[in-house]
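Please keep the sequence and the coordinates at hand while reading.

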Amino acid sequence: MYRNLTIKQKQIVWAWAFLAIPVLFYGVIRFYPTGNAILISFQNWNLLGTRSWAGFDNYVKLWNDPVFWKVFANTFIYLLLGTPISLVISFVIAYHLDQLRFMHGFLRMLYFLPFMTSAVAMAWVWRWFYQPVPTGLFNNLLASVGIGQISFLNSTTNALPAVLAPAVWAGLGFQIIIFMAGLRAIPKSYYEAAKIDGVGWWTVLWEITLPLLKPTIVFIVVFSSIGFLRIFDHVFNMTTNNPGGPLNATKPLVLMIYDTAFTGFDMGYAAAQTVVLFVVLLTVSLLQLRILRDK
Amino acid sequence: MAFVENIRPSSETLLASNAPKRPANMGQIIRWLLLFLGGVVMVMPIAYMLSTSLKWPHEVYNVNLIPEEPTLENYAYVLEDGRFYGWFVNSLIIATLTTVSNILFDSLVGYTLCKFRFPGRYIIFIAILSTLMIPTEMLVIPWYLMSQQFGWLNSYWGIMFPGMMTAFGTFLMKQFFETVPDDFIEAARIDGLNELQIWWTVAMPLVKPALAALAIFVFLGNWTAFIWPLIVTNSPDMYTLPVGLSSFGDEADVAWELIMTGAAISTIPTLIVFLIFQRFIIRGVVMAGLKG
């Protein structure tokens, strides 16, 4: 049978043979669950009890839930603080690192090392840093120079930035490396021309480097935004005694989803939250691509 | 993505600085010192983690980086009951198997989408690409229900199945197979190799750097994965290192030297791997980051 096929037909047979398992995988493990999550979001279902149609009840409940709005705001604060801060720091470091020869690889390694760590492990390290005296490193350092104590993780105002810091820290190495690759890709001739024209470095930075770096910037902004909108590991591990606390001050959307689904077993309500997360991620990414690309 | 075309540093450019050679002046020295200081600050959390894991409990409250009387007592204590050993093995098995699966399937799919012409090709490509937009968190509830139904809770397969193939890896490999000339494949066909042999013996060796980059990303991603293993496991012997560490941290309460030891145990392996394959890994990260 197979022998009688034309080369073209044989190719089709091979292609589908290669794709059979993957197509099954993507269907069962990606697409079916996506549809299922949307379906469950319209149902009332705590894992043990009955499953019933709920219409838009879960979404209405979400709209009227003050905790949800707090969490929604937190999620965007993570994004609005995390993305610009990590973008600026990583660019400044990459820009200067790019212009150094001496022990270049060593410096780069220092900055990249945190990227290789596990978020959970580092969340616990930072959690220890933030403890009050006599345990915590930061407060011990403050005490040794005679400055008053700062309450980090127990304060409703300081806790969120304190949780965000290790997330920014861990991502910097990756962004620096990507920025440096972007900087290297800018043709030298632009800089030489600017030099001949006697243009100052500030003008070169704003008129040549940054505009030519735009693709890299778009990539880093979109990539890191998605990361901050989905923050979970750091928050969960730094606040295990009271997840998302104090008073929901650090709770992001993903943690609310986790709590609703796997502590409260309110699957329908949790599924509605995941749909909201999906819409938020999609909207933010598309908006960023649009704004950053068109300018 | 379109902008990928704009940035294509040859992989070698990142291995050494190509900053102009010039005599050290004051500005350069200050710049170096500041960057060095920044780098030291960056590794401080890691350094303190390691240092505290080597301290006696009474010394934890000191801010000195070098332990006065270094001890391996904490490691002995933490490893004594074998739990960390079990979690370590679990993580290693899961990350390794997932990496192998991604290497095989992502490249097979990427190769097929790149080198074959068949009806449905475009739809499959778009379908796989579109899954990049679906966040994992949206799928965990259906995955959990599925695992419950099929008895996958608390099993390696339960932890691994969502990550056996990734759209990111497929897209990355497709990009790299574009660089394999069609003539090579044609020549192999004329030599009588079947398509499976061509993929494995002709195409795969030509994209080794990309496979390595993919392997690094998948392995690291699974080694540090937290939310799904946390959901799908509830018996401590099936925990992965991050989930185990999280529960251990809660249990150890304020014994920070023990928590730091646990954190060190889960971090040291990746740090060692990084220090050995540093250049290679950085190159892989750039490749995956820019092309993926």
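**Confidence**

The structure is a predicted model. For the complex, the predictor reports an ipTM of 0.90 and a pTM of 0.90. Chain B has a mean pLDDT of 87, and 91% of its residues reach 70 or more. Within chain B, the highest confidence falls in helix α6 (residues 156-160), at a mean of 96, and the lowest in helix α14 (residues 278-291), at 79. Residues 1-12 of chain B have a pLDDT below 50. Beyond near neighbours in sequence, this stretch of chain B still has 20 contacts in the model.

**Chain B as a whole**

Chain B contains 14 helices and zero strands. Its order along the sequence is accordingly written as α-α-α-α-α-α-α-α-α-α-α-α-α-α. Along the principal axes, the C-alpha atoms of chain B fill a box of roughly 70 × 70 × 35 Å. Chain B has 292 residues, of which 43% count as buried. Among the contacts in chain B with a separation of 6 or more, 75% join residues 24 or more positions apart.

**Helix packing**

| Helix pair | Axis distance | Crossing angle |
|---|---|---|
| α1(A) and α5(B) | 8 Å | about 90° |
| α3(A) and α1(B) | within 10 Å | roughly 135° |
| α3(A) and α10(A) | within 8 Å | roughly 145° |

The pair of α1(A) with helix α5 (residues 136-150) of chain B joins the two chains, and the axes pack at an angle of about 90°. Angles of 65 to 115 degrees count as roughly perpendicular, so α1(A) is roughly perpendicular to α5(B). From α1(A), the residues A:P33, A:T34, A:N36, A:A37 and A:I40 take part. Their partners in α5(B) are B:M138, B:L139, B:I141, B:P142 and B:W143. The residues of this contact of α1(A) with α5(B) comprise eight nonpolar, two polar and no charged.

Helix α3(A) meets helix α1 (residues 26-53) of chain B, with axes that cross at roughly 135°. That angle makes α3(A) oblique to α1(B). The crossing of α3(A) past α1(B) is left-handed. Here A:I93, A:H96 and A:L97 of α3(A) meet B:R31, B:L35 and B:G38 of α1(B). This contact of α3(A) with α1(B) divides into three nonpolar, two polar and one charged residue.

Helix α3 (residues 66-97) of chain A also packs within its own chain, against helix α10 (residues 214-229) of chain A. In this pair, α3(A) passes α10(A) in a right-handed crossing. The residues from α3(A) are A:T75, A:Y78, A:L79, A:G82, A:T83, A:S86 and A:L87. Those from α10(A) are A:I220, A:V221, A:S224, A:S225, A:F228 and A:L229. By class, the contact of α3(A) with α10(A) has seven nonpolar, six polar and no charged residues.

**Single residues**

Most residues other than glycine have a negative phi. A:M103 is not a glycine, yet has a positive phi of about 50°. A:M103 sits in the loop between α3 and α4 (104-112) of chain A. Is A:M103 partly exposed or buried? A:M103 counts as partly exposed, because 15 C-beta neighbours lie inside 10 Å, and a buried residue needs 20 or more.

A:L247, also not a glycine, has a positive phi of about 50°. A:L247 belongs to the loop between α11 (233-238) and α12 (253-262) of chain A. With 11 C-beta neighbours inside 10 Å, A:L247 counts as exposed, since the limit for that class is 12 or fewer.

In chain B, B:A252 lies in helix α12 (residues 241-252). B:A252 has 18 other C-beta atoms within 10 Å and is therefore partly exposed. Leaving out residues up to four places away in sequence, B:A252 touches B:L258 and B:I259.

Terms used: Residues are numbered from 1 along each chain as its sequence is written. Chains are lettered from A and ligands numbered from 1 in the order in which they are written. This is a predicted model: local features need pLDDT of at least 70, side-chain atom pairs count only at pLDDT 80 or more; totals for chains, interfaces and linings use all residues. pLDDT is the predictor's confidence in each residue, from 0 to 100. Helices (H or I, at least four residues) and strands (E, at least two) are DSSP runs, numbered from the N terminus. Two residues are in contact if their C-beta atoms, placed from the backbone, lie within 7 Å. Axes are lines fitted to C-alpha atoms, for helices over the stretch in contact, and angles run from 0 to 180 degrees between N-to-C directions. A crossing is left-handed if the near helix is turned anticlockwise from the far one by less than a right angle, and right-handed if clockwise. Ala, Val, Leu, Ile, Met, Phe, Trp, Tyr, Cys and Pro count as nonpolar, Asp, Glu, Lys and Arg as charged, and the others, Gly among them, as polar. Angles under 35 degrees count as roughly parallel, over 145 as roughly antiparallel, 65 to 115 as roughly perpendicular and the rest as oblique.
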